[in-house]
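Open the model in your viewer and keep the selection panel at hand.

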Amino acid sequence: MTTATGEPLADRLAAQLQKAGADEVRFVAGLDELAALADTATGPLLVTGTDLVAHTAVLRHLATSPVGPTVALVLTDPPVPGRTAVREERGQVVDAGAVDALDGDATGVFGGALRVGVSDLPTLAAAARAAAVGVLPIATPLGPAGEVAPFGPTDAGPAGRLAPAAAGGPGSAVDRLVAGLAALGTLIFAQRVRLLVAHRVDDAAGLAAAEAAVTAVDEDRAELRLAVKEKDDFFSTYFVSTWSPYVVRLAARLRLTPTGVTVISVLFALAAAVLFGVGGRLALVSGAVLLYLGFVLDCVDGQLARYTRHFSAWGGWLDTMADRAKEYLVYAGLGFGVSHAGLGNGWALAIAAMTLQTVRHMTDTWYGVLHDEAARRPRSATGATGGIGDRLNAASTRVQADTGSLSYWLKRTVVFPIGERWALIALSVALFNPLVSLIAVLVWGVLAFAYTGALRTLRARWMWVPVLDTVDATLHRDDGPLARRLPVVRRMGPLTLAVIAALGAAVLLVAALLGDAPDGLRWTVPVALLVLLVGGLGAGAAHNGPLDWLVPAALRAAEYLFAIAVGVVGGAPGWLIFGYVFVLTVHHYDLTARLEKRQAAPPLHPATLGWEGRSVLLALAAIAGIVSIGMATLGTYLLVVFVVSVVLAWFVRPARSARASAAPVGGVAPH
């Protein structure tokens, strides 16, 4: 087809791909040639049909999407014969094929373009070869985990590794390709088109209409609006994102990087924390204003990354870590302010707020992993056969689809997201004092935790999808050498054992807080330690129960409560206990951030000793009567290990890899 400017549509698409960042554009004669290209490629491939009319920004967003290695363009156009319909959940394409094969569950249609990450190139080659001979590949359990068994024109194989293409199924090469990738179980993320334009065309009339739609949209203005999250929380949507795009445009003109904006937001939060500690109405109001502006910048760094398409694993990791550090620094400022003003034990409230929020975040992370894993599995495999969990899931889906309704905003607000937390802190501090602010954060946080915990437990029991067995459970439990050597008690299950460990630490803490002489409990610390170590008896057991995704959160709670209890028993100052638990949270957020960014374990992870190793050292310090010295020493050690690990992971090792890749091969230098 020929465009309005007289050039072939395929040629214009090739030029757009180059503008979108493609190093090289090739036309392949067929899927066999594409398979051969995938066999030799060393970088991600951006594969498109030649019937796509779209803004260049659509292709650039697809090429630079940070959500995952393999991403497919998904449109809301009505499905037509020969096109692949898709079903997506939580941004993942979980099924793809003819619209009638999806049993009415289609949520969109494939847009004729996808980016395939390096790790998925072998799967792409297998899918292309299968599609070239008119068959649909089927995932097989044969071979090592993560590998794709080879396919050939006559390879029927055991268990039906190849299946004939369904009648009426996708007809074009690129449609058959994406259906094959989905059939092989490839994790494909969906790239939706919002505000911009993308259409697949079949004839001259469709081409003309699509070109007119593209011309009618201001691409740069649309990209600026697209920098704002489509579905954000109430406070962020109405009190930040209404004007933050102007800050984004200014930051782009000043050539600020998203990382630079993140650093500035940390400084704003630090200044707010200092003012909260100083006290006085002017300082509290000024701190509240700085906290709000810091949150605006916290939104701007992500919006700037989306607007400029400057994404990096380092930037994503730093943003996650900075968010938590900022919030807990503010808690520290509030806690100091309460104690400084003589309003009560502010450090105790700050420690409670930080501990509660961290355990909440751990459940959020692992429930998200569980939900994603459930979305990738066939519904028959999840045991989803009705009941209260089924009804809750359906109700949640309906509410989420009713964007902007009262029920939608209530659901998003009641869980107490970060925007609402920062807004509550700023308002309560400005109008009242730090004590009211910390109490408000704790009360709303407890209610939100109870609400989400109850509903997620019911839904998880309904889904019955193990997730810790799909990752390195030892790493994400944060087990040390002692836990790995303890005997395994399988009958009770790892979650029950972890909860017992947390309850033992909680009992010691309550006894220390209520007792007149906490130091008299020093010799009960070994007993509490033995109860705590019960959690390690499940380290070697299978984590495949419907609620075992709660194990990491339970172990975090157990370690934090034990450390706080030992600190109280040993008479350590509140600021020291806060600082030690803060270092622990930084370590654990590092693990979850790496999980979310699909990164390997920290370089020095074994040196962190594990949750049980650290607890043993604190118990020994309590018995020796040197809790403050032991807590300060261990906390400093862990902080140094963390900093060195960060430097190694994000700077030293990448630099070595870059030098190694630049070295001449075989000792022959290029001329």
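**Stop 1: the second largest cavity**

Select M362, W366, H476, P552, R556, H588, L591 and T592: together they line the second largest cavity. This is a predicted model, in which local features need pLDDT of at least 70 and side-chain atom pairs count only at pLDDT 80 or more, while totals for chains, interfaces and linings use all residues. Residues are numbered from 1 along each chain as its sequence is written, and side-chain values use heavy atoms, with hydrogens and water left out.

A cavity is a set of points, on a 1 Å grid over the protein atoms alone, where a 1.4 Å probe fits but cannot get out; lining residues have an atom within 4 Å of a point. The space in the second largest cavity is about 40 Å³. Volume here is the space filled by probe spheres set on the points, with grid points joined across faces, edges and corners.

Now colour by element. α13 (346-376), α22 (551-569) and α23 each supply at least two residues of this lining. α23 gives the most, with three residues. Helices are DSSP runs of H or I with at least four residues, strands are runs of E with at least two, and both are numbered from the N terminus. By class, the lining of the second largest cavity divides into four nonpolar, three polar and one charged. Nonpolar covers Ala, Val, Leu, Ile, Met, Phe, Trp, Tyr, Cys and Pro; charged covers Asp, Glu, Lys and Arg; the others, Gly among them, are polar.

**Stop 2: the largest cavity**

How many cavities of 30 Å³ or more does a search of the whole structure find? There are two. For the largest cavity, select V583, V586, H587, D590, P602, T608, L638, L639, V641, F642 and S645, which line it. α23 (574-596) and α25 are the elements that give two or more residues to this lining. α25 gives the most, with five residues. About 90 Å³ of space lies inside the largest cavity. Its lining has seven nonpolar residues, three polar and one charged.

**Stop 3**

F651 is partly exposed because its relative accessibility is 45%. The cut-offs use a 1.4 Å probe and protein chains only: buried is under 20% relative accessible area, exposed is over 50%, and partly exposed is in between.

Show what touches F651. Leaving aside neighbours within four places in sequence, F651 is in contact with W314 and V646. Contact means heavy atoms within 4.5 Å.

Next, show the aromatic rings. The whole structure holds 19 aromatic pairs. One of them joins W314 and F651, edge-to-face, at 5.2 Å centre to centre with 65° between the planes. The pair links distant parts of the chain: W314 sits in α12 (residues 313-340) and F651 in α25, 337 residues apart. Rings of Phe, Tyr and Trp (its six-membered ring) pair if their centres lie within 6.5 Å; planes under 30 degrees apart are stacked, over 60 edge-to-face, and the rest tilted. Between the C-alpha atoms of F651 and W314, the separation is 9.6 Å. W314 is partly exposed, at 24% relative accessible area.

For another set of rings, select F234, F235, Y238, F239, Y292, F295, Y408, W409 and W422, which ring pairs link into a cluster.

**Stop 4: S265**

Go to α10 (residues 258-278) and pick S265. Is S265 buried or exposed? S265 is buried, with a relative accessible area of 0%. Not counting residues up to four places away in sequence, S265 touches G294, L297, D298 and K326.

**Stop 5: α2 and the second largest pocket**

Select α2 (31-40). L31, L34, A35, L37 and A38 are buried in this helix. Look down the axis of α2: the buried residues fall within an arc of 160°, so they line one face of the helix. The arc is that of the directions from the helix axis to the C-beta atoms. On the other side of α2, D32 and T40 are exposed. Cover for the buried residues of α2 includes β1, α4 (121-132) and α5.

Last, select R26, L37, L46, V47 and T48, which lie nearest the centre of the second largest pocket, among 34 lining residues. A pocket is an open set of points with protein on both sides within 12 Å along at least five of seven lines. α1 (9-19), α2, β1 (45-48) and α5 (173-183) are the elements that give two or more residues to this lining. About 1,000 Å³ of space lies in the second largest pocket. Its lining has 21 nonpolar, seven polar and six charged residues.
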